[in-house]
Amino acid sequence: MMVAFGATIMRAGRRFLSSLPALFGVLVFTFLLMRVLPGDPAVFFASGPNAGKEEIETIRKQMGLNKPVPEQLMLYLYDVGRGNLGRSMMTGQLVTTDLRQRLPASLELTFTALLIAVVSAVPLGVLAALKPGSVTDHGVRLFCALGVCVPTFVSGLLLIYVFYYLLGLAPDPTGRVDIFASLPPSRTGFLLIDFLLAGDIEGWWAAFRQLILPAVSMALFVVAPLARITRASMLVSLGSDFVRTARSVGLPWWRVVVTYALRNAILPVITIAGIVFSTMLGANVLVEKVFSWPGVASYALDALLASDYAPVQGFVLLMASVFVIVNLVVDVLYGIADPRVTIS
Amino acid sequence: MTGATLRHAGWILRGNPLTGVAAAGIFLLMAVAMLGPLIVPYDPIVSDVPQALMPPSAAHIAGTDQLGRDVFSRLIVAARLDLAIAISAVGISFAIGAVIGAICGYTGGRLDRAVGRFVDVLMAFPLFVLAMAMVAALGNRVENIIIATAIINLPFYIRFARAEVNIRRNVGWVEAARACGDSHISVVLRFLLPNVLPAMAVQMSLNLGWAILNAAGLSFIGLGVKPPTPEWGIMVAEGARFISTGKWWLVAFPGLALMLAVLSFNLLGDGIRDILDPRMRT
């Protein structure tokens, strides 16, 4: 067991090292991309439309825009190496501070959405695979086909219409908590966890109600690929010899399905879940906009529209890093789900 | 297409009638996109403020928006722009991606590794975020939505074409063509690419749906198409302001249009795959 674990860590480490060039590429690529953005940010951040030439020149110097681009790039890389992502002109804060404040909101949303998606997709896929060609199977297929066709921003808005306007079950769809609510002391930044730690059940419930609609609208879009891969993978696994053997020795059917078939069918599902997670990070932009969610994606979008370079670069770097970490987690999960992977 | 292929297609259609429905849906979309402005009951741009925010009725079957414009007419006219963006983006990305991928798969070696790295970098981005940044960098215009969508589609085509060509580069008919004096370029363009095309058609059909969603998403967050141009993503964005006061039709109908378009392309892609290779059906 220890050997397998060590091997998993080794493999994950190798994968991490091989992803570093890609991360570096991302860094340089966003830097160059941001430098061709139209509009002069110095003019944008000057005091007003009639700011003097000198004032603009001062801001340009302050932002380092007067230096040649290669030198700017080297300075930027040096700063990033020291963990300094620059300062946002919009908020006046360090980009790292802004991102750290807002990242938990995005992650809480994305994790909840992923959890909802997996918890609903895996049973759906298993049910469909147990009786291929049945009404359930076709129902799941139809649901999947429709699910990937509705854009997240449309399903989000329709959920607001139904649960906020028609039924009155959901709270006002803006932000993570009611503006008058008192926040728990911030320990993790994840409101659901912080409320629990503070023992404030009422606050937890309020935060949960704010979270559920955006999370569901994000989950709806990704249930389909997860359910489809579960079904396909379960079909293979259910048709295999070990399942026949397990059945023939008279094990209860749920044990055959869950312990034998599903455990063996889970590898492709983990892969797809990793891919789905990074798609969701992109889709965050849309959902955060619909629900005025104070996450990193909406922050980057505002910065992008204001030609504020540093936050956008920081955001893309953050997303790429999260992506790398997710791939690592997938690797480790792979090793746990199927120890054979680590040997080869 | 020979008689046998047609019979096979007919057999597939009986097994999966949805493919026929999808083909009909796409035919309808194309017709609407072409005839658009000729068949709409109202002008999609001119506002009629006294009629603003009316729910669906006999006169306005999909209601009116905040400026009193007929939602149904705007939906119909928008079809051309949305389809044009998706089709040109996927077309560009297919043309470039297939050739690059095929060359890489055929030659292998250093070029292949370099392109592989580039594709890895591209895939390391959350792709929607990349498209966002590109549209913002290149300027807020329709052409740039097309370019951005084409670029984020590119890695898939390069990988796909590379893999498909790579497994065929040593087969008998490639050797035969080489032995008959065909140049490498001719082998790739005249023999390998045509063989890869059917599989790529499936990919294209599926990607068209994705491209439509992407373009609509970009205009939803305020990048790309500008109001008052009718476009499905913008219509949803404009309707979003009125959803919490119950004006559902401003979001539901453009959403429905997007859904039907994407659904048709996805089902058609699945259908083509069934016709080409029944084993791949899931």
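Student: Leaving aside its neighbours within four places in sequence, what is A:Leu226 in contact with?

Tutor: In this predicted model, A:Leu226 is in contact with A:Ala117, A:Val118, A:Ala121, A:Val269, A:Ile272, A:Ala273 and A:Val276, where contact means that two C-beta atoms, placed from the backbone, lie within 7 Å. Residues are numbered from 1 along each chain as its sequence is written, while chains are lettered from A and ligands numbered from 1 in the order in which they are written. Local features need pLDDT of at least 70 and side-chain atom pairs count only at pLDDT 80 or more, whereas totals for chains, interfaces and linings use all residues.

Student: And which residues touch the most other members of the largest nonpolar core?

Tutor: Those are A:Leu226 and B:Met132, in a core of 172 residues. Such a core is a set of buried Ala, Val, Leu, Ile, Met, Phe, Trp, Tyr and Cys residues joined through C-beta atoms within 7 Å, and a residue is buried if 20 or more other C-beta atoms lie within 10 Å of its own.

Student: Which helix gives the most to this core?

Tutor: Helix 3 of chain B, residues 71–107, gives the most, with 19 residues; helices here are DSSP runs of H or I with at least four residues, numbered from the N terminus, and strands are runs of E with at least two.

Student: How many helices and strands are there in chain B?

Tutor: Chain B has 10 helices and zero strands, and 49% of its 282 residues count as buried. Its C-alpha atoms fill a box of roughly 75 × 50 × 30 Å along the principal axes.

Student: Switching topic, how many residues of chain A are in contact with chain B?

Tutor: There are 45 from chain A, in contact with 37 residues of chain B. Helix 1 of chain A supplies the largest share of the chain A side, nine residues. By class, that side has 39 nonpolar, four polar and two charged residues, counting Ala, Val, Leu, Ile, Met, Phe, Trp, Tyr, Cys and Pro as nonpolar, Asp, Glu, Lys and Arg as charged, and the others, Gly among them, as polar.

Student: Last one: at what angle do helix 12 and helix 13 of chain A pack?

Tutor: Helix 12 (residues 296–305) and helix 13 (residues 309–337) of chain A pack at about 145 degrees with their axes 8 Å apart; axes are lines fitted to C-alpha atoms over the stretch in contact, and angles run from 0 to 180 degrees between N-to-C directions. The contact of helix 12 with helix 13 of chain A has nine nonpolar, no polar and no charged residues.

Key: A residue is buried if 20 or more other C-beta atoms lie within 10 Å of its own, exposed if 12 or fewer, and partly exposed in between; C-beta atoms are placed from the backbone.
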